[in-house]
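The sequence and structure are shown first.

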Amino acid sequence: MKIAICASEVVPFAKTGGLADVAGALPLELEKAGEDVIITLPKYKAIQDSKFKIKRVNEDISYSVIGKDIKVYFIENDKYYNRDNLYMDKKGDYPDNLERFSYYCKRTLELLKEINFKADIIHLHDWQASLIPVYLKTLYSGDLFFKDTKTVITIHNIGYQGIFPKEEFPKLGLSWDIFNMEMLEFYGKINLLKGGIVFSDFITTVSPTYSKEIQTKEFGFGLEGILSQRKDRLSGILNGLDYSIWNPETDKFIAKNFSARNIEDKYKNKKDLQEICHLPLKDDVPVIGIVSRLAEQKGFDILAEAIDKICQLDLQLVILGTGELKYHVLLEKIVKKYPRVISLSLKFDDVLAHKIYAGVDIFLMPSKYEPCGLGQLISLRYATIPIVFKTGGLADTVNSDNGFVFERYNKEDLVKTIKKAIQAFKNKGKWTILMQNAMQCNFSWQESAAKYIALYEKAIKG
Ligand code: ADP
């Protein structure tokens, strides 16, 4: 199959979140499976020619190569993309984002024609690329070049939809006929993601449970109706984890490598972490880790309410994260009260993150909603037992065989579940089984890519 992946951020070129990881990792697996893949991406200021061995196609198109032979085409436009950030600056979202990303979508379609890449599938991601299927089914509907092209959109977080004032509609170059409630209109405004959902042939999200949740009022951010209408075209495919980076057998950042065969070596990492974090060197007390954005979505509202109680339990807590100021303030206060229980690092630190995943016994991730989630997948690979709220990708990957799950989102159930985990930790035999089960879980990109390929084939068959 010929597959064009279209995303506004792709690892290793540009990244603000999980979308970039998916858009960088999935093509590599598709190529390994024998598919013919290209990627298109705006050329932001940070994408330097010398760093990525960029070659020129014509005046406004260049490319680099990832994997064996995947061409990553950069769409250049200094006015739109030669800026320090991808979507926003200190003042907020760039005011011309509608123009910037509609240009990206249109230029992508023209590019496919210029390089004669007759895509069987265009796999587009999030609101930034959502106009691609809209243009295909309107402006390009009579274009024979795209006669057999099918589209798949992946929604990474429905909280971000690309909403713009109605007055900007003429900039899209589309007929007002499609500015209606069934198509691009959303409460009197333009909603680009809605356009992507309505006009794509198939829709995916990053976990099966999240694909169901976004059809409800609680999680749909206003798009639940349109998603329910298209539920026969909607499915969830879990993101994979890059096991070449997250592997306790080869991880260069951790004190002692370990595997399922010599799981006791994990405890050398626990000791190392306790030393680094200036916590008492106790091996019979469970250490709980958090590596996260400090935000309400990640469960910090109930965690803030429960933290005092949690610190009085027989445990140690290692927290690494940055985010909302109110949580920084609260956590700094609690560390002063319980200095021998909590270690707090308010920063982004990849090396420390590796040490935490390897060194703690339990990983706490009580997200209120979680499209897929990476933290729990990493923990499982490091024999670190996750405690999660039953939502989205957390519900799809953690269960009583490999972790602890609570089903009502409140501080009481959170504390109760932590107590249950501490209790289980004291039973060495039971805990070892949990750790073995965790390490055996396989959330590789290979598995996810196979599911995407099956979906592409379904789309092509119609
Ligand atoms: P989200 O993308 O919503 O923030 P995920 O669980 O999908 O949440 O992914 C977050 C990733 O970022 C994980 O790999 C986690 O380890 C990492 N991370 C989050 N905060 C930090 C931090 N302060 N330092 C290092 N890594 C972090």
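**Ligand site and helix packing**

A polar side-chain atom of Y357 sits 2.6 Å from an oxygen atom of the ligand. The model is predicted, and every value below is computed from it. The protein buries 82% of the 570 Å² that the ligand exposes when taken alone.

**The shell around the ligand**

- Two or more shell residues come from each of these elements: β15 (287-294), β16 (316-323), α12 (350-359) and α13 (375-381).
- Strand β15 gives the largest share, with 3 residues.
- There are 16 residues around the ligand, and those that come nearest are R293, K298, K347, Y357 and L374.
- By class, the shell holds 8 nonpolar, 4 polar and 4 charged residues.

**Helices α10 and α11**

- Helix α10 covers residues 300-311 and helix α11 covers residues 325-337; their axes come within 11 Å and cross at roughly 5 degrees.
- Angles under 35 degrees count as roughly parallel, so α10 and α11 are roughly parallel to each other.
- On the α10 side, the contact is made by F300, D301, A304, I307, D308 and C311.
- On the α11 side, Y327, L330, L331, I334 and K337 make the contact.
- This contact has 8 nonpolar and 3 charged residues, with no polar ones.

**Helices α1 and α17**

- The axes of α1 (residues 18-32) and α17 (residues 445-461) come within 9 Å, with a crossing angle of roughly 75 degrees.
- Angles of 65 to 115 degrees count as roughly perpendicular, and α1 and α17 are therefore roughly perpendicular to each other.
- Helix α1 contributes V22, A25, L26, E29 and L30 to the contact.
- Helix α17 contributes W445, Q446, A449, Y452, I453 and Y456.
- By class, this contact has 9 nonpolar, 1 polar and 1 charged residues.

**Backbone details**

- Most residues other than glycine have a negative phi, and most peptide bonds are trans.
- The peptide bond that joins V11 and P12 is cis, with omega of about 10 degrees.
- P12 is placed in the loop between β1 (2-6) and α1, and α1 is the helix that packs against α17.
- Y187 is not a glycine, yet its phi is positive, at about 50 degrees.
- The loop that holds Y187 runs between β11 (185-186) and β12 (189-191).

Key: Residues are numbered from 1 along each chain as its sequence is written. This is a predicted model: local features need pLDDT of at least 70, side-chain atom pairs count only at pLDDT 80 or more; totals for chains, interfaces and linings use all residues. Side-chain values use heavy atoms; hydrogens and water are left out. Axes are lines fitted to C-alpha atoms, for helices over the stretch in contact, and angles run from 0 to 180 degrees between N-to-C directions. Helices (H or I, at least four residues) and strands (E, at least two) are DSSP runs, numbered from the N terminus. Angles under 35 degrees count as roughly parallel, over 145 as roughly antiparallel, 65 to 115 as roughly perpendicular and the rest as oblique. Contact means heavy atoms within 4.5 Å. Ala, Val, Leu, Ile, Met, Phe, Trp, Tyr, Cys and Pro count as nonpolar, Asp, Glu, Lys and Arg as charged, and the others, Gly among them, as polar. A residue is near a molecule or strand if one of its heavy atoms lies within 4 Å of it. A polar contact is a pair of N or O atoms within 3.5 Å; within protein, one must be able to donate a hydrogen and the other to accept it, and residues adjacent in sequence count only if both atoms are side-chain atoms. Accessible areas come from the Shrake-Rupley method with a 1.4 Å probe; for residues, only the protein chains shown count as cover.
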